Amino acid sequence: MTNPLLQSFNTKYQSAPFAEIKEEHYLPAFKELIDKSLQEIQEISQNSETPTFENTIEALAYSGEQLDVVSNIFFNLNSAETNDEIQQIAQEVSPLLTEFASKISQNEQLFSRIKKVYDEKDHYTLNEEQKMLLEETYKGFVRNGALLNDEKKEQLKNINIELSKKSLQFGQNVLAATNQYYKHLTNKEDLAGIPEAILAQYEEEAKERNLEGYVITLQFPSLLPVLTYAENRELRKELAIANGKKSFDGGEFDNQNLIKELVQLRQEKAELLGYKSFADYVLEERMAKSPQKVLEFLNELLTKAKPFAEKDVEELSVLAKADGITEMQSYDHAYYAEKLRKQKFDFNDEELKPYFQLDKVQEAVFGLAGKLFGLEFVETADIQKYHADVKTYEIYEGENFKALLYADYHPRKGKRAGAWMTSFKNQYIKNGKNHRPHISVVCNFTKPTSETPSLLTFNEVTTLFHEFGHALHGVLANTQYPNLSGTSVKWDFVELPSQFLENYCYEPEFLKTFAKHYQTGEVLPDEKIQKIEDSKNFMEGYQTLRQLSFGILDMSYHAENVKVEDVKTFETETIKATQVYPTLAETAVSTSFSHIFQGGYSAGYYSYKWAEVLDADAFQYFKENGVFDPLISKKFKTLLESGGTKDPMELYKNFRGSEPKVESLLKRAFG
Ligand SMILES: [Zn+2]
């Protein structure tokens, strides 16, 4: 029996032969392709010729081609069209791939060849992309400890094991602390203000626990309605404090010691690898580059946004005063913000949906890609699909085929929640042939029925633009090496194209070209467009300061010579300037800050705001010259085509003529 995953694909554009792939093909294909890739690596590392850029760095970049293709197919389907069998295979495959990766990163023979090329780089004539590839390849090994002696390698290995154990423990503690708490109420009056639909959920929760009445938990969908709608201030306070006390109550799930240990271990790891701090270690591989740059950025934004946050709070205080509250507390914020939002512009998703027909929105995005970058989309029936709902498009620029696009828009059992862009095949140039990418956009929009087309909420409209921005990064990719292509850029740069494209959803003239009532054809009225605009920036000052408090706290835990004697004191001191409400002594942010102590955002939380500044500043440039300006579009296209081949700041400056400016974000948010 032939395994289609082990043949070269006999399909148009060598697209994935979904019709022929069966579940039982994956595991044997992975095993054989991992062996084949290791064989390639061995040939590179045992090459008897002197190491050169071509026979080492380039050969490594091009190795494992078919393994990449099969991995992409498999893991994309595990997200978009999975089943028990695929999930089972994923469990078996993941450790194989981890082992494969560590066999490469710990291959000393291979590293000594890479190092030789790196040390002698001045003897080669390399173009910019090749220099970048060399630099990134070398650094990738060094950052994993390749330069350390055996004793220090062992130390690093132990630190890494401890780090992953302790971050896992951190997350488990937060989860256990969350699940441990519940608030039981029997009197409906105590829940006044909370919508009936939510109360029904609380009743369900109570029933599950064999209790009368209502049960509120610290799960977000249960907690948030209390903070947003409960007229009962004591209840808001009680729940907010319970939530803020998670893993900060000295009990069995307390995280304070784990924080101290994690901070210490990260510092040790950084020092072992020759960095001053963990933040220095992380940021070396980011657009922002250094902790100084990030802190300057966060503090500049703090100074400039704080007056707007204070204004937000002032506006809410007037409402609170009418209820006899003289000093607003953090647990009053969401409640009064909701009141004010209702007063100012009460409108709901349902009102807008008839104006946003999925087909029309997609047409608009395609049109935008045409206007800005000269792309054309042609639906095709010649490409095999993994599900009947998927649509396939050929993308052209003039005569030239640019990419294949899979559009997979509707929810179904085997698809995970959310929206994302991914690719089945990367773009790269090999032996003079430009291999064009196969890109996929996956969403969860309501399916059309026989009477109604698929209609989107405004939020879903921006989601489609967002994912399409990522897709364009992939579609336009034009680099030599697959690992520097398309969205393979620095972590704090990758959201620029996606968030950039979202800006067009707020351009009234453009919006009116496609926001038309699906039954009457009526164009979205101006007052509704105004509401969209206003609600976007509602409480933006306060939200900005909240994000900044997380960003600053994160940077401080990973700064040079950090010493955390007491978590609460450290936290209070660090974020003092970002606070607009009094601090509650019983609560802490750090002990449930899973983004940085469990997940991968350590020394990276700033990137949310960083990316916003990038996209606001890029779009500001267009706004000043016309949002479809051909010359600026062309410059932006160059940035997208370049992928990770150049330093992102350099790419950005080539496009914009200067570094991104915080002012552009302030202007967009606060006018
Ligand atoms: Zn994104």
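This is a predicted model: local features need pLDDT of at least 70, side-chain atom pairs count only at pLDDT 80 or more; totals for chains, interfaces and linings use all residues.
Let me start with the largest nonpolar core, which has 119 residues, and in which F356, F465, Y504 and Y557 touch the most other members; a nonpolar core here is a set of buried Ala, Val, Leu, Ile, Met, Phe, Trp, Tyr and Cys residues joined through side-chain atoms within 4.5 Å. Helix α16, residues 358-373, gives the most to this core, with nine residues, helices being DSSP runs of H or I with at least four residues, numbered from the N terminus. Apart from this core lies another, of 58 residues, including I21 and Y26.

Residues are numbered from 1 along each chain as its sequence is written, and side-chain values use heavy atoms, with hydrogens and water left out.

Now to the metal: which residues coordinate the zinc ion? They are H466 and H470, each through NE2, and E495, through two OE entries, at 2.1 to 2.7 Å, where donors are N, O and S atoms within 2.8 Å of the metal (3.2 Å for Na, K and Ca), and water is not among the atoms, so sites may look incomplete. In sequence, these donor residues follow the spacing H-x3-H-x24-E. H470 sits in helix α17 (residues 458-475), whereas E495, 25 residues apart from it, lies in the loop between α17 and α18 (496-502).

Finally, H470 is buried at 9% relative accessible area, and E495 is partly exposed at 26%, given that buried means under 20%, exposed over 50%, and partly exposed in between, with a 1.4 Å probe and protein chains only.

How values were computed. Helices (H or I, at least four residues) and strands (E, at least two) are DSSP runs, numbered from the N terminus.
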